[in-house]
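Come along and check each entry as we go.

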Amino acid sequence: MATNDELHQIIARNVARRADAGAADSVVLWERLSIELIAIIGRNGFHTLYARSIHMVRIRHPWLAEDADPRFEKLRTSLEHQAPALAAEASIALLNTFIDTLIQLIGEPLTTAIMRSAWDHDTVNTVAKGIQQ
């Protein structure tokens, strides 16, 4: 079972994989996560959590689009209009906020399982191995 810190490292690693494609990679992470979660909590449940996360992260990154866009186009546009480092920082903060809220609602084991199912198992396992060393 992963801890919050390990999940945050998984998120950071996934967002920072390719600096030249940060916005696109972030949107892919959201798309995959939404597919897994919508099957469990429904479209409205997912979008409510997503909108709440954006609202919370906009305190530090006010340029993030506030709408919970189901196709993540507004998120992509917001990230693309920022310097790559700032976009990555905001993307990581947004995913961490979302995941932390999800952990509070459904627990860490189920959240970790969802992340593993949604994202590349090799990336998740590589991060976990790096933490153990």
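Below are my entries, and I note at the start that this is a predicted model.

**Entry 1: the aromatic pairs.** How many aromatic pairs does the structure hold? I found eight. I began with Trp30 and Phe46, whose ring centres are 6.3 Å apart with 70° between the planes. That angle is over 60 degrees, so I wrote the pair down as edge-to-face. Trp30 and Phe46 are both buried.

**Entry 2: Phe46 again.** Phe46 also pairs with Phe98. Here the centres lie 5.3 Å apart and the planes meet at 55°, so this pair is tilted. Where do Phe46 and Phe98 lie? Phe46 is in helix α2 (residues 22-57), while Phe98 is in helix α4 (residues 84-106). The pair therefore ties together parts that are 52 residues apart in sequence. I looked up the accessible areas too: Phe46 is buried at a relative accessible area of 0%, and Phe98 is buried with a value of 0%.

**Entry 3: the cluster.** Which residues form one aromatic cluster? I listed Trp30, Phe46, Tyr50, Phe72 and Phe98.

**Entry 4: helix α3.** Next I turned to helix α3, which covers residues 73-80. Leu75, Ser78 and Leu79 are buried there. Why do I place these three on the same side of α3? They cover an arc of only 95° around the axis, so they share that side. A reminder to myself: an α-helix has 3.6 residues a turn, so residues three or four places apart point the same way.

Note on methods:
Residues are numbered from 1 along each chain as its sequence is written. This is a predicted model: local features need pLDDT of at least 70, side-chain atom pairs count only at pLDDT 80 or more; totals for chains, interfaces and linings use all residues. Side-chain values use heavy atoms; hydrogens and water are left out. Buried means under 20% relative accessible area, exposed over 50%, partly exposed in between (1.4 Å probe, protein chains only). Helices (H or I, at least four residues) and strands (E, at least two) are DSSP runs, numbered from the N terminus. The arc is that of the directions from the helix axis to the C-beta atoms. Rings of Phe, Tyr and Trp (its six-membered ring) pair if their centres lie within 6.5 Å; planes under 30 degrees apart count as stacked, over 60 as edge-to-face and the rest as tilted.
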